[in-house]
Amino acid sequence: MTAILIFFFGHWLSSVFFQTFYLHRYGAHRQFELSRGWERTFHLLTYLTQGASYLHPRGYAILHRMHHAYSDTERDPHSPVFEPNIFKMMWETKHRYDDFAYHRVEPEARFAAATPEWPFLDKLSQSWPMRIVWLAFYTGFYVVFAPSPWFYLLLPAHYLMGPIHGAIVNYAGHRFGYRNYASADVSRNTLPFDFVTLGELFQNNHHEFAMSPNFAARRFEVDPSYLVIRLFAALGIVKNLSPQRARYPHVPHTPSVRAEVAAMPALLPDAVEVLAEQAPS
Ligand SMILES: [Zn+2]
Ligand SMILES: [Zn+2]
């Protein structure tokens with residue numbers, strides 16, 4: 001029983017941590033910088049913790065940037081406003097995600113810039129033989145340690161861990177909870193201490209200040225992943241954390257100085273707008 005509980009909660013928490021830390025805050029938003037070595041380390045850890053249901057970082061980043069750009073409108077890739085059935089929402093999200101992950105559809109350039117990619121690992125992760133190895137591992141663990149066959153009912157959660165976390169955040173975070181900011185979308189903060197998805201359920205705060213590394217915005221709110229990010233920053237693993245309450249759009253960190261300079265004229269009006277909004281009145 002103890003082994004199963006440790007396995008279940010360990011898989012849940014490690015998988016959702018790397019989703020929020022690596023895929024979301026780093027890959028999609030670039031709220032901080034990582035050296036090449038740390039980027040690869042966290043990319044690998046994301047794969048090892050999400051296993052069979054690993055979310056391809058490129059597909060995740062593109063879909064997520066579109067979600068911010070079109071939040072709760074018809075062009076949002078996943079909104080409970082337009083698809084109130086959570087299972088249908090998950091299924092449709094999967095199709096859109098596959099299109100971008102496998103380069104079947106090319107998105108607008110602004111959604112695809114500087115997404116983390118590791119071609120060998122990303123390809124291996126999407127192969128069925130590797131998925132079957134992961135499914136056999138989860139199942140085998142339950143066969144050995146489950147005190148009764150009733151526990152097998154938990155197995156589908158292991159098989160679909162990554163998409164389950166995504167669905168909880170995208171559904172509950174845009175339906176249930178309170179609002180701190182009157183945003184144009186219907187995003188909400190579901191829990192003041194988000195121990196379920198480690199900070200992801202502060203959707204209303206996050207849509208208001210999408211570049212803030214801390215998803216908590218008020219004194220009583222706790223974002224557990226931000227505490228870990230602070231620790232990583234103190235250890236020098238994470239560098240150049242973007243400031244709290246930084247808004248989106250932003251000047252993205254691009255891999256080369258030349259690309260960054262070339263992108264500047266297009267980004268300048270946005271940058272001026274952001275600075276104007278943040279100026280003390
Ligand atoms: Zn959202
Ligand atoms: Zn986001």
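A crossing of two helices is left-handed if the near helix is turned anticlockwise from the far one by less than a right angle, and right-handed if it is turned clockwise. By this rule the crossing of helix 3 and helix 4 is right-handed.

The structure discussed here is a predicted model, in which local features need pLDDT of at least 70, side-chain atom pairs count only at pLDDT 80 or more, and totals for chains, interfaces and linings use all residues. Residues are numbered from 1 along each chain as its sequence is written, and chains are lettered from A and ligands numbered from 1 in the order in which they are written.

**Overall make-up**

The protein has 12 helices and zero strands. Helices (H or I, at least four residues) and strands (E, at least two) are DSSP runs, numbered from the N terminus. Read from the N terminus on, the elements run α-α-α-α-α-α-α-α-α-α-α-α.

Of the 281 residues in the protein, buried residues make up 34%. A residue is buried if 20 or more other C-beta atoms lie within 10 Å of its own, exposed if 12 or fewer, and partly exposed in between, with C-beta atoms placed from the backbone. Two residues are in contact if their C-beta atoms, placed from the backbone in the same way, lie within 7 Å. Among contacts between residues at least 6 apart in sequence, 66% join residues at least 24 apart.

**Helix pairs**

Two packed helices are described by the angle between their axes and the distance between the axes. Axes are lines fitted to C-alpha atoms, for helices over the stretch in contact, and angles run from 0 to 180 degrees between N-to-C directions.

| Helix pair | Angle | Distance between axes |
|---|---|---|
| Helix 3 (residues 57-69) and helix 4 (residues 86-101) | about 120° | 8 Å |
| Helix 1 (residues 2-28) and helix 9 (residues 161-172) | about 65° | 10 Å |
| Helix 1 and helix 3 | about 60° | 10 Å |

Angles under 35 degrees count as roughly parallel, over 145 as roughly antiparallel, 65 to 115 as roughly perpendicular and the rest as oblique.

With its angle of about 120°, helix 3 is therefore oblique to helix 4. In this pair, R58, G59, I62 and L63 of helix 3 meet R96, Y97, F100 and A101 of helix 4. By class, the contact has five nonpolar, one polar and two charged residues. Here Ala, Val, Leu, Ile, Met, Phe, Trp, Tyr, Cys and Pro count as nonpolar, Asp, Glu, Lys and Arg as charged, and the others, Gly among them, as polar.

Helix 1 and helix 9 pack at about 65°, which means that helix 1 is roughly perpendicular to helix 9. Their crossing is right-handed. On the side of helix 1, the residues in contact are H11, W12, S15, V16 and Q19, and they meet M161, G162 and H165 in helix 9. This contact has three nonpolar, five polar and no charged residues.

Helix 1 also packs against helix 3, at about 60°, so the two are oblique to each other. The crossing of helix 1 and helix 3 is right-handed. L23, H24, G27 and A28 of helix 1 make this contact with P57, Y60, A61, H64 and R65 of helix 3. The residues of the contact divide into five nonpolar, three polar and one charged.

**Helix 7**

Helix 7 (residues 128-145) has 18 residues and reaches 26 Å from its first C-alpha to its last, close to the 26 Å expected at 1.5 Å a residue. The expected span is 1.5 Å times one less than the number of residues in the helix. Helix 7 is hardly covered, with a count of one buried residue among its 18.

F137 lies in helix 7. This residue counts as exposed because 12 other C-beta atoms are within 10 Å. F137 and A52 are 85 residues apart in sequence and 9.8 Å apart in space, C-alpha to C-alpha.

**Other single residues**

S14 is found in helix 1. With 16 other C-beta atoms within 10 Å, S14 is partly exposed. From S14 to Q50 the separation is 36 residues in sequence and 8.1 Å in space, C-alpha to C-alpha.

Most residues other than glycine have a negative phi. R30 has a positive phi of about 55° although it is not a glycine. R30 is placed in the loop between helix 1 and helix 2 (36-50), and is buried, with 22 other C-beta atoms within 10 Å. A114, also not a glycine, has a positive phi of about 50°. A114 lies in the loop between helix 5 (109-112) and helix 6 (119-125), and counts as partly exposed because it has 15 C-beta neighbours inside 10 Å.
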